[in-house]
Amino acid sequence: MSQLYNKVTDEVVKELSAICGDKFVTDSLPLRHSYMAKGIMGLEAVVPEVVVRPANKDEVLKILVVANENLSPVTPAAGGLSGGFALPAIEPGGILMDMTRMNRLEVDEKNRVMTVEPGVRCGDAWRIFKKKHPDWAPPIPDGAPPGATILGDAIERGFSLVTGKFGPQADMIIGLEIALPTGELFRTGSWALDGAKAFYRWGIGPNPDGLFLGSQGSMGIITKCAIKLVPHPHYKTIVAYGGDSWEHIIEPAWEIGRHEMGIAENTVMVQGGNWPLVMTRWPKSNVPIDYKFYEKIGVDEYWMNSEVWAWSQEELDFTLKKIDETYKAYEVEKKTVCKKQDLHPKQIASRLKKPNLIAVPYGLYEAGFLFITWYCPWLESPRMMEEYCAKMEEYGFPPTMWVASIDHARQAIVMPILCFDSSEEGIYDKIREFNLETTKSFVKQGWINYRPDPFVHAPYTFSKAKEYYRMLVKFRKLLDPNLILHPGRLAIPWGAVTDLPNPIEEGK
Amino acid sequence: MTSLEELRRINARCIHCRACQYAYSNEPDREGKDEEYTGMMLSCPGGNHYGWEGYFNSGRMWIARAFLEGELEPSQEMLEVIEACTTCGLCAEQCKNYIDTVDVIEELRAAIIDSGVEPLKRHKVIGDRVLDEEMRNPYHDPRSERTAWYDGEIDNQNAKIAYYVGCTGAYRQQGVAKHTASILKKLGYDFTVLSDEVCCGSPILRTGQKDVFKTVMNENLDLFKDFDMLVFSCAGCYRTFRVDYPKQSGKPLPFEVKHTLDLVWELITEGKIKIEKPYNKKVTWHDPCHTIRHIGLSIEKAILDESDNWLLDSRNATKAKEAWYERPRDVLRAITGIDFREMYRIKGDSFCCGAGGGVKTQFSEMALETAKERVKEAAATGAEVLMTSCPFCITNFSDAVKALKDEEKETGKDLSSVGSKLEIVELLEVLDELL
C-alpha cells in the first residue's frame, strides 16, 4: 500500500502548522505513540506520522487539501464509540486528526435535535443535559465510558441508550456536515438548504448520508452532526429474567418486542449475556472459574435485562406487569423456567447508569480483550452465540458473550468479548485464526459484522458482496479520489489488506 | 523492589478507554450545584493543561507500552512528556482495570533515566543537592541548620518515637514543624528529632532518580530502625515512608508510621480528646493526594493482594479505602464552630493542587494553572478558608492566590469569586491553636 501514499514530510508538517498553529501539530514520537490502541475494538493500530488538532471545519478542510496534495493518509479520531481511539491509524500511518478540540454542542429542545462536533464526549454531554435539559437525554451509547463521543457512536451505527426502541444510533441522525479531501464541504438532510434547520433527515433528497455512516471515516470527515434528542422520563427501572439456554432468553424478548408499540416502546434497552460475563471482569488468578460459585451467588447461566422507561409510576408498573406475564406465558409454552431475578436497588441503579464503565474491566481477566460485534436477525442469535461460544472454548478463550436487541428485537447485536493475555507469544495470530474461522462461517450464514476490521471481516464480507463493493469503490473515488481517508478500512484499497481475489478485477 | 518490567502485565490491562481523564468517571448522575460542577469532570492536570493525549494518563499508558515493547527509544523528549504529570493518582482511582498508574509513570521515568537519559534540568539539581553531604535536602540549605527550628531535645536515644520533619518543615515551613512538635507535646508523646535525618527522597523518586532515592531511603531506614514509631507532618514524606519504602526496599518497615493528623483522629474517635475552642470560619478542605488518595489506594491494593476472590473482596477493599478518605473530615467536624463545606471533587476524586510529582519544580506554569482551578473550586463553596495538610499544596495554593491578587491589582477586577480572597491554612497549625 505504501507505494500509493507519500510519507509526511517536514514540508507537510510546516503546512499543517501554518493551518492550525505550532501548538496544535506534533511529530513527537512519544506523543504519536500515545494515540495507539490495540484491544477493545481492533488490534491493527500503527503509529501515525504526525498528529494535528484542528479547531474547526475550516481547518479540517485545509488539512485535507494538504493531505490530498501530498497523498498522505488521514485518520480522524476523537473518542470513538467505546471510549478508546476505536479507529486508530493503520498502515501506512499518515496524519492522525485528533478532533477533541472540536467540542461544541447545541441543543434545540423545540425541534428535539442537538448538533454536536466530533469531540463532544458522552460524559460532558450528560453533565450539561443533567443541569440544562433534564427532560431530555443526549443520545449516548449505552455501556461506553465517558470519553466516548456521541458522533463516534452515531456514525459507526453503534447502539444507544434507547436502541431497543429507536434502533441503531445512526437511525437518529438528521443531518451531517461533511468535509472532503477535494476541499468541498456539504450538508445532508434539510440542513443542505441554506438557512434551514436540521429537522428532516431525507431533506431535499436523495439523501446520501448512508455512505458516511459506518464508513469508519473513510468516505469523508464528519465535522458536525445533527441528531435527535431522546426524551428522558424519570420513572425507570431494570427487570431481568434468567434462562437455561440462549434460546430461552432470546425468544421471550422477541415476544415483548414484536408488538412494536405499547410496552415494547417502553422497553428501551434489552441486553443480556451468560455467566462468564461476570467472571471475566476479574483477574483469572483471583476469581472462581467454576459456574457453581456463580450459581450460588445468584448468577443465572443466561439472562436478559429489560430497561424500562415510563412517564409515570402507573405506566412503569403496567409495563413490568405485562413483561412478567409474557415471561410466564413463555414458560408454560416452552415448559421451561425463566426466573425473575431479585435485583438489589444498587444493582438496578448500576445498570441504569449512563455513561458507565461496564465494558471496561474485561482487561483485568488476562490483560487484553477484544469486542467482536455482529448483527443478525434476532431469532437467529442463539445459533450464532452457541457457535461462537463453542469456538471460543475450542481456541482456549472463556466464552464471554453479550447480546442486545436493536429496534424491538428485529436485529441482535451479538458481541463475544475475547479475553486474552496480550503478553502471550503468538496471541494475535491465534485471534486472527479465530476471527477468520468464525467470519467465514458467519458470512456464509448471512450474518454481518457491525464494525468490520480491515484485514478479516471486510475482505470476507465484500467477497460475498462483490457488486456492492464495486459500487462502494466508485462512490469512494468520487468523494476521495486519491483514497487518502483511512486507507485499508472497508478493504479499500483491496490489495492493501488481503490476498483474496479483488472483486473489482473480477468484475472487469 | 519494583520496576517497569514487573508492571508490564498491569500496564497491558489498559484498553485506552480514557475514563481515567475524569473525576467521578463512574458517577454520571452525581449532583452538583451547577453545570460546571456536576457529574463527571475532566480532571487530569497534565492532560487538561496540554491537551495532547500523551499528557493524559490514558496516553501515557500507551507510551509505557511502546517503551516496554521496544518500539520507543528513551529520549529527553519522552522524559519531558512523562514528567509533566503530578502523579496525583486520580487516574488510578478511576481505573476499573486496577492499573497502578502512578507506579507505571514513576517506573517509566526511572527506566528512561536508567537507560542513560539525563533527568530534567531542575530535577537533576534537587537530586544532586540531596546527595550533597553539605545539604542532604533539595533546597540548597546547609545540613547543619536542619534542626535549627527546634528548641526541644535533639537525638534523644531514649525516645521510642521520632518526628520525621522532612526538608520542607525543616527549611521552608518551620511553622508547621513547630506546630507539629507542639501538638505532639500536648498529646503527651515522648518524641525526638534526629539531626542526621536526610531527605525522604519523595521528589527524587517521583522524578525517576531511583539510585539517589535508594541511597536516602537506606540511610533513613538505618537511622530510624530502632524507633517504634515515626510521626510525620509532611504528606509527601509520609507517603514515601509508608508506601514507597517497603515497595522499593522489598522489606516491611521496621517501625510504625503515622501522620500527626492520624494521631489526632485516633484520639478524637476514641473520645480521648475534644476540641472545644471554637474556630468560627467557613472552611473547605483539600485532600492532599499523598496522604489521602495514595494511601487509600494502597489500603485497597493491600486487601486485594491478599484476596483469591476479587469479586467478593473488592467491595470490602473499597470500603476500607473510603473509610480512610473520611478521616480528615472526622477531624474537621470535631472542631467547634467550624462551618465545613465540601468542594465538588473530593476524596478519591479530588482535583490535585498541581505541585506534585516534580511538576512545581519543572513545569511551573502547569502547576500554577492547576492550583488556580482548584482555588476556584474552593471559592465556589463560599468558604473563606481553604484548609489542607501538605506543604506542597499550601505553597502552590498560596502562589495561586497571590497570582490572583496580582491580577486584581493589574486589572482592577474583583477575582474573589475565583479565590483571590481565600486564606490558605495548614490544618496542623489550626489544631495546635485549638488543642
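Helices here are DSSP runs of H or I with at least four residues, strands are E runs of at least two, and both are numbered from the N terminus. With that settled, here's a quick tour of a predicted model in which chain A and chain B touch each other through 47 residues of chain A and 42 residues of chain B. The predictor gives the complex an ipTM of 0.96 and a pTM of 0.96. For chain B, the average pLDDT is 97, and 100% of the residues score at least 70.

**Where the chains meet**

- The contact between the chains takes in 47 residues of chain A and 42 residues of chain B.
- On the chain A side, the elements that supply two or more residues are α2 (29–33), α4 (122–132) and α13 (363–366).
- Helix α4(A) gives the most to this side, with seven residues.
- Sorted by type, the residues of chain A that touch chain B come out as 23 nonpolar, 16 polar and eight charged.

**A closer look at α4(A)**

- Eight of the eleven residues of α4(A) are buried, so this helix is largely enclosed by the rest of the structure.
- If you want to find the buried ones, look for A:C122, A:G123, A:D124, A:A125, A:W126, A:R127, A:F129 and A:K130.
- The cover over them comes from both chains: it includes β5 (105–108), β7 (136–137) and α5 (150–155) of chain A, along with β1 (22–23) of chain B.

**Chain A as a whole**

- Chain A has 18 helices and 19 strands.
- Its radius of gyration is 23 Å, close to the 23 Å that the globule rule gives for 508 residues, so chain A is as compact as a globular protein of that length.
- Picture its C-alpha atoms in a box of roughly 70 × 55 × 45 Å, taken along the principal axes.
- Of the 508 residues in chain A, 58% are buried.
- Among chain A contacts with a separation of 6 or more, 70% link residues 24 or more positions apart.

**Spots to check in chain A**

- A:E314 sits in helix α11 (residues 313–334), and this residue is exposed because it has 10 other C-beta atoms within 10 Å.
- A:E314 and A:Y235 are 79 residues apart along the chain, with their C-alpha atoms separated by 9.5 Å.
- The peptide bond from A:E91 to A:P92 is cis, with omega near 10°, and A:P92 belongs to the loop between β3 (74–77) and β4 (95–98).
- Another cis peptide bond joins A:K354 and A:P355, where omega is about -15°; A:P355 lies in the loop between α12 (345–352) and α13 of chain A.
- A:H486 isn't a glycine, yet its phi is positive, at about 40°.
- You'll find A:H486 in the loop between α17 (466–479) and α18 (503–507), where it counts as buried because 25 other C-beta atoms lie within 10 Å.

**Chain B as a whole**

- Chain B has 19 helices and ten strands.
- A compact globule of 435 residues would have a radius of gyration near 22 Å, and the 21 Å of chain B agrees with that.
- The C-alpha atoms of chain B fill a box of roughly 60 × 55 × 50 Å along the principal axes.
- Of the 435 residues in chain B, 56% count as buried.
- Among chain B contacts with a separation of 6 or more, 75% link residues 24 or more positions apart.

**Helix α12(B)**

- Helix α12 (residues 235–249) of chain B has 15 residues and reaches 20 Å from its first C-alpha to its last, close to the 21 Å expected.
- This helix isn't straight: α12(B) bends by about 35° at B:F241.
- It's mostly covered, with eleven of its 15 residues buried; B:F241 is one of those buried residues.

**Other spots to check in chain B**

- B:E93 is part of helix α5 (residues 90–94) of chain B and counts as buried, with 23 C-beta neighbours inside 10 Å.
- Leaving out residues up to four places away in sequence, B:E93 touches B:R293, B:L297, B:G348 and B:D349.
- B:E93 and B:A323 are 230 residues apart along the chain, and their C-alpha atoms are separated by 15 Å.
- B:H140 has a positive phi of about 70° although it is not a glycine.
- Its place is the loop between α7 (121–131) and β3 (161–164) of chain B, and B:H140 is partly exposed, with 13 other C-beta atoms within 10 Å.

Note on methods: Residues numbered from 1 in each chain as written. Chains lettered and ligands numbered in written order. Predicted model: local features only at pLDDT ≥ 70, side-chain atom pairs only at ≥ 80, totals over all residues. Contact = placed C-beta atoms within 7 Å. Nonpolar A, V, L, I, M, F, W, Y, C, P; charged D, E, K, R; others polar. Rg over C-alpha atoms; globule rule 2.2 N^0.38 Å. Buried ≥ 20, exposed ≤ 12 C-beta atoms within 10 Å, placed from the backbone. Expected span 1.5 Å × (residues − 1). Bend = angle between axes of the 7 residues up to and from the residue. pLDDT = per-residue confidence, 0-100.
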